[in-house]
Amino acid sequence: RVALPHEIYSADGRKLSLSYGTFGNFPLLETVRDDQRELLRITRTAREVELLFYPDDNEAARFVLTLIDADYKVEKLRLPTDDQAGWYFRYHKINEFTCITEVRTPTGSEEVIEYNDGGH
């Protein structure tokens, strides 16, 4: 069993309500609400996580995480833009750790990340 928060209160008394579903055998946050409306809705499939901010609003913002491999690493974060711009990530195993080695930004910039295996 896992203990999960269902309500979060601010110092001034405002409240967020959290609700959960499951994915596989694991709990998954599905919605975040305040006293007035739903703020966030999360939908999970085998290869995607959709984050919908202000889902009941005409201007809802939809972010999509595309997952790869058996350990569900994030390959792409698609932004809520007309051209579906996004961030792309590439990984490599370094020793026993999975490390981000390349990042491509929505504007086309590319970053290569190198790790020094020398330790301390």
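Strand 3 and strand 4 form a hairpin with four residues between them; strands here are DSSP runs (E, at least two residues), numbered from the N terminus. The model is predicted, so local features need pLDDT of at least 70, side-chain atom pairs count only at pLDDT 80 or more, and totals for chains, interfaces and linings use all residues. Residues are numbered from 1 along each chain as its sequence is written, and side-chain values use heavy atoms, with hydrogens and water left out.

Strand 3 (residues 26-33) and strand 4 (residues 38-44) run antiparallel and are joined by three bridges; two strands pair if DSSP finds at least two bridges between them. Thr31 has Arg41 of strand 4 as its bridge partner. Strand 4 also forms a hairpin with strand 5, with three residues between them. Five bridges join these antiparallel strands, and Thr43 is partnered by Glu50 of strand 5.

The structure holds one aromatic pair. Phe53 lies in strand 5 (residues 48-53) and Phe63 in strand 6 (residues 61-68), 10 residues apart. Phe53 is partly exposed at 31% relative accessible area, and Phe63 is partly exposed at 22% (partly exposed lies between buried, under 20%, and exposed, over 50%, with a 1.4 Å probe and protein chains only).

Two charges sit over rings (NZ of Lys or CZ of Arg within 6 Å of the ring centre and within 35 degrees of the ring normal):

| Charged residue | Ring | Distance to ring centre |
|---|---|---|
| Arg44 | Phe23 | 4.0 Å |
| Lys73 | Tyr91 | 5.6 Å |

Note on methods
Rings of Phe, Tyr and Trp (its six-membered ring) pair if their centres lie within 6.5 Å; planes under 30 degrees apart count as stacked, over 60 as edge-to-face and the rest as tilted.
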